[in-house]
Amino acid sequence: EAVRILKNPGVLGSLRAKVERDAPNSMLGLMFAQDDWSKANPAPDRNAPQTAWHDREEKEAQANREWLRRWPNSPPLLTTVVMHMNMQAMTGEPVSGSAEALALIDKALQVREMSPDANEMWPPIETAIARIYVAAKVRLVRAPDLLGAAMLKIQKQTKYELSPDLFPAEQPGRMDWVTTTAKQVEELRVDYLLASNRPADARVLIEQALERLNADSQPSERTFYDRTGWLRRLADAEAQENRAHEALDHYQASLSGLDKKALAMPQAERMSAPVKRYYLAHGGTEEGWPDWATAGSKDLKLPERTAPVFVTALPEFSATDLAGRTWQLRDLNGKVTFVNF
């Protein structure tokens, strides 16, 4: 910031020389290393294919692991590495349960215990770690305790958050992190039961979740996608119980919302790969897969998105723009207006 204000790059150069001389392994040293990497590996153009972004993320993940050799106790660095594994689990990529990966997770938990306020995060790191264990099918016995700890942590983090009731009716309040974390914990409990080969126990929670969603009198687009996620889990439970016909029906329903173009995208391909394998193993064909997978979407109508309705009139105001013109509410009444402060 000083460089920008003073228009003098030498300010940063002298700071960097001091850091490299007196504190090369400090957090400032890490920031310089990360800055160098970002300049050497610029983000893809926004119109670049999804694979370009994925490749850069993988390259950055590898750089983070290499930096950990020099900065082994950096909370942000350890958190970033764990969250990358968490994202792999969420998007259907293979998750490593190797000794190296587990050692990184243990280190992240240890450092978080030493410095609990180093950097708050959502979801809590315990949620991410439980998801990694479930996806890799390792240390499954630890998952329930991690999920319980995640709920306690998020309640502490949000204890002094502003209440959504304080916001006007037409303005969405802040994210309800407790409710959102509880939703993730509920999903991960079912995933844990499925990974532990307990489909009957999982089915009870799945059916309760679907019952709540089906009872929603004003379903949203979010409700629709939540429902497809629970249908996928229901199909997983039925597959474990060797109820192939029901599993195929629910797998197909879980793909609702995907057309053939979306189905062919890399992320959708990864996430639907287990369903495709099950379909092929139970009489399906490679040629018939696109039609079967998108059959439930032909007559699908997602809930319509509605514009916000403002229930309170704007107060009269007077504002002068950069050109010196004064604007009042009556100048804008009835017009779509974008105001950039």
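Guide: Here are the salt bridges, pair by pair. This is a predicted model, where local features need pLDDT of at least 70, side-chain atom pairs count only at pLDDT 80 or more, and totals for chains, interfaces and linings use all residues. Residues are numbered from 1 along each chain as its sequence is written, and side-chain values use heavy atoms, leaving out hydrogens and water.

The structure holds 24 salt bridges (a side-chain nitrogen of Lys or Arg within 4 Å of a carboxyl oxygen of Asp or Glu).

Start with helix H3, residues 27–40, which contains both Asp35 and Lys39. Helices are DSSP runs of H or I, at least four residues, numbered from the N terminus. Asp35 and Lys39 sit 4 residues apart, about one turn of the helix. Their side chains form a salt bridge at 3.3 Å, N to O. Asp35 is partly exposed at 33% relative accessibility. Lys39 is exposed at 61%. The classes are buried, under 20% relative accessible area; exposed, over 50%; and partly exposed, in between (1.4 Å probe, protein chains only).

Next comes helix H9, residues 177–195. Lys183 and Glu187 are 4 residues apart there, so about one helical turn separates them. Their salt bridge spans 3.2 Å, N to O. Lys183 is partly exposed, at 30% relative accessibility. Glu187 is buried, at 12%.

Arg198 pairs with Asp201 in another salt bridge, with the closest N and O atoms 3.0 Å apart. Arg198 is partly exposed at 35%. Asp201 is partly exposed at 37%.

Last, a network: salt bridges link Arg203, Glu207, Glu238, Glu241, Arg243 and Glu246.

Note on methods:
Helices (H or I, at least four residues) and strands (E, at least two) are DSSP runs, numbered from the N terminus.
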